[in-house]
Structure formats: C-alpha cells, structure tokens
Amino acid sequence: MRALTVLGRVHAEAVTLRARRRGRSGPAGGQAGLLELVVRERVVEAEDVVSLRLTAPAGGRLPGWQPGAHLLVVLPSGRQRHYSLCGDPTDRYTYRIAIRRLAAGGGGSVEIHDALPVGTTLRTAGPRNAFPFAAEPAVLFLAGGIGITPILPMVRQAARLGLDWRLIHLGRTRASLPFGDELAELGTRGGRFTVRADDEEGPPDCAELLRHAPAGGTVYCCGPAPMLAGVRAALDPSPARGLHFERFAPAPVVDGRAFGLRLRRSGLDLAVPADRPALDVLRDARPDTAYSCRQGFCGVCRVKVLAGEVEHRDLRLTADERAAGAMLVCVSRAAEGTRLELDL
Ligand code: FES
C-alpha cells in the first residue's frame, strides 16, 4: 500500500489534534471576543440555499482569513452554528456564508432561511481555520452539495496561483448546487469545473471520481459522511497522493455501547442506544439542549456529571475539567449498562 496522507476534518471543524488544541482556548466554546456583524444582503444561490453577506456595523475591516476557515454564528434564538466562509479572502470588509435549509435539522438553518432578515445583527466568533488549503501544485476538489462552501475559496486561490486543479461538484440536481456561475467562470479554461448531478448520471462512484485526480496530486473533499467514506475507501488505488477532508455532519457513533442518563433536576431517566449520541437522546427529551459542532470540539454541549464514569471521546476538555465533572454529550459516552447522572 502506498503511503497516503489522510487528514480528516469535520464541518467546519477539524479533527486534527492541532485544531482541537487550538479549540481549547478559542472563542468557539465561549462568549469572549464575540464580534457583532450585520446581515447586509441575502442571496438565493440555489434551491434551499441562501447566502448572507455580513459586515461590521460601521463597515470597518474584519479579521483576515484563509480558504477553509469558518465562522461561529450565534443566531437570535441563541443557537450556535459554524459556517464556512465562502467569499473572497482578499475582501477585508465582507464575510459571506451560505446555508442549506434543512427542515429536519436542528433549527438553525430554518431560522436563517425564515427569520433572519437583512439588517439583523449577529454575534460571531472567528474566523478559525481547521481545513487549511496548502496550495499543492496539483489538486482535485470534490464538493458534495453545500460542501462547496469551504472549497470555493480554495478554488479561487488555486486559479489565482495558476495551480493544476479540477473541481467536481456533486449533488442531487444541478438546481440544488450553489455558486455554479462563479465556479464556471473560474474553471472556464481547460474544463476544470464539472457538475455531477445524481438525476442525470445516477449515484456517484468514488473510484471513478478519484480517477480525475492528477497523478501525485492532493484531494480536498467536503461533503456528507457517505461520500467521504467512499472517497477514503477508494483513495489507495487512485492517482492521488493525499486527501484532506471536512465533513458537515457528525461521524456515526463507533464502538458505542448502550448506557443510561439520569437527569437529576428533572428526574428523567433516558436510555442511550449503542448507535446514538447522548446529545440526540437529550434533545429528544429537552429540545432546547444547546449544541453546535456535534463533534466534540466547540464545547457548547458541555454538561456537568454528578455521578458515573464518563468515557470521554473529545479532545477539548482538559484533565482538570474532566475531573470536575465536565462532559461533552455530543461525542462522549459511558460503559455498557452504566448510568451517568447529569446536573440537568
Ligand atoms: S456540540 Fe460542540 S462539543 Fe458538543
């Protein structure tokens, strides 16, 4: 087997140790250093996809960022969500984010689509970058649907630098894929930009996708978990040398065991099945349970454990925080058949 570089990142958040260490003291987990931004423009970019242009209230310069960076946005409801910056990093006065409306999601995208008019002031933190683009000489970009958001600034930079790049944007239909005009403009020369719609060509074959990688090149991939799994599985026999990826949904529970939760203050007993995160079970019982990344790095879902032994699966909490009873319920669990008592 050839040695391949596989660096995985989760939307818009990395699972690399480096990024997680940064996250310990970063603003994503707390309220310090929040920056107020105003929604200046809303643009419908595709079916169920809207982009927002955000500026400082007085129009001043914003913190700089690089392709792959994301912004923590605190919505008026208090929900916190991370969105990749998909504008132009050389524009120091405007951030752009894009959001697909997910009716069955956690409510953040619906709030943005349905109740966030131009003029709304949002609290934000960042930008932070856990999916950096190394500008290798030869690159294949694979974007699944709204996964184009971190990829678009990378494509823009690749074009600017004259790199050997290709982009395949995948989705159910062409109408569901945002930024087609911008990407077509960037990829006009040499047919670098390809759209692959399921309703035209059927479900994608990841091995076939990777055959478009330049020999010895690097793949940057952002999309749903099945797509990432397929790309990872097909990487070894492909012409590519390395893979960087970012997923925008939590990875499935691995090696989970069923355990219980007791919510001391409300007196509820909840059963956490082996294949579900404790956060999801908590949200079934308490829909207002706070969360953001769902991947164990932002700290928003932190709870206090009063009794029981936690199987910590995050890399954010320090040993002292764990010893004091902190638990991130989006990823951490407990041993089979045991019960955690929470201060809820
Ligand atoms: S939701 Fe971010 S750490 Fe749990």
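Which residues have the most contacts inside the largest nonpolar core? In this predicted model, that core has 54 residues, and those with the most contacts inside it are Ile97, Phe141, Ile151, Val155, Val219, Cys221 and Val231. Helix 3, spanning residues 148–161, supplies the largest share of the core with 6 residues, and at least three residues are drawn from each of domain 1 (5–16 + 131–247) and domain 2 (24–128). When residues up to four places away in sequence are not counted, Phe141 touches Ile151, Met154, Val155, Trp165, Arg166, Leu167 and Tyr220. A second, separate core comprises 25 residues, including Ala278, Leu279, Cys298 and Leu342.

Strand 20 pairs in the parallel sense with strand 14 (residues 259–263) over 4 bridges, with Leu263 standing opposite Leu342. Strand 20 is also joined by 2 bridges to strand 16 (residues 302–307), the two running antiparallel, and here Ala307 stands opposite Glu341.

For the protein chain as a whole, the secondary structure amounts to 9 helices and 20 strands, and 41% of the 344 residues count as buried. Among contacts between residues at least 6 apart in sequence, 68% join residues that are at least 24 apart.

How values were computed. Residues numbered from 1 in each chain as written. Predicted model: local features only at pLDDT ≥ 70, side-chain atom pairs only at ≥ 80, totals over all residues. Pairing = 2+ DSSP bridges. Buried ≥ 20, exposed ≤ 12 C-beta atoms within 10 Å, placed from the backbone. Contact = placed C-beta atoms within 7 Å. Core = buried A, V, L, I, M, F, W, Y, C linked by C-beta atoms within 7 Å. Domains from an automatic or database assignment.
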